[in-house]
Amino acid sequence: MGILPLAAMEKLLKKAGASRVSEDAKKTLKEILEDYASVVCEKATKIAQHSGRKTVKGGDIKLATK
């Protein structure tokens with residue numbers, strides 16, 4: 001079970017120009033985004049800890065994605 005709702009995946013795909021979106025497409029996008037977010041979160045947490053903080057900040061997230 002994931003965190004992101006399938007409805008949000010459909011909104012993202014439609015915003016990108018899709019006129020119709022299959023359930024499989026929504027589920028696949030959800031899985032990929034959650035996997036990517038997990039990796040970014042782990043990196044951002046390490047960056048915050050390396051900086052001597054317990055709090056993860058927006059800058060940590062941005063740095064983790066580079």
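Analyst: Happy to! A quick definition before we start: helices here are DSSP runs of H or I with at least four residues, numbered from the N terminus. Also, this is a predicted model.

User: Thanks. How many salt bridges are there in the whole structure?
Analyst: A search of the whole structure finds five. One of them pairs E10 with K14, with the closest N and O atoms 3.5 Å apart.

User: Where do E10 and K14 lie?
Analyst: Both are in helix α1, residues 6-15, and they sit four residues apart, about one turn of the helix.

User: What else does E10 pair with?
Analyst: E10 also forms a salt bridge with K26, where the closest N and O atoms are 3.3 Å apart. E10 is in helix α1 and K26 in helix α2, so this pair ties together parts that are 16 residues apart in sequence. There is a network too: salt bridges link E10, K14, E23 and K26.

User: Is K26 buried or exposed?
Analyst: K26 is buried, because its relative accessible area is 8% and the cut-off for buried is under 20%.

User: Switching topic: what does K30 touch?
Analyst: Leaving aside neighbours within four places in sequence, K30 is in contact with G2, I3, L4, L6 and M9. A polar atom of the K30 side chain lies 2.4 Å from the backbone oxygen of L4.

User: And what about C41, which helix is it in?
Analyst: C41 lies in helix α2, residues 23-50. At 41% relative accessibility, C41 counts as partly exposed.

How values were computed
Residues are numbered from 1 along each chain as its sequence is written. This is a predicted model: local features need pLDDT of at least 70, side-chain atom pairs count only at pLDDT 80 or more; totals for chains, interfaces and linings use all residues. Side-chain values use heavy atoms; hydrogens and water are left out. Helices (H or I, at least four residues) and strands (E, at least two) are DSSP runs, numbered from the N terminus. Buried means under 20% relative accessible area, exposed over 50%, partly exposed in between (1.4 Å probe, protein chains only). A polar contact is a pair of N or O atoms within 3.5 Å; within protein, one must be able to donate a hydrogen and the other to accept it, and residues adjacent in sequence count only if both atoms are side-chain atoms. Contact means heavy atoms within 4.5 Å. A salt bridge is a side-chain nitrogen of Lys or Arg within 4 Å of a carboxyl oxygen of Asp or Glu.
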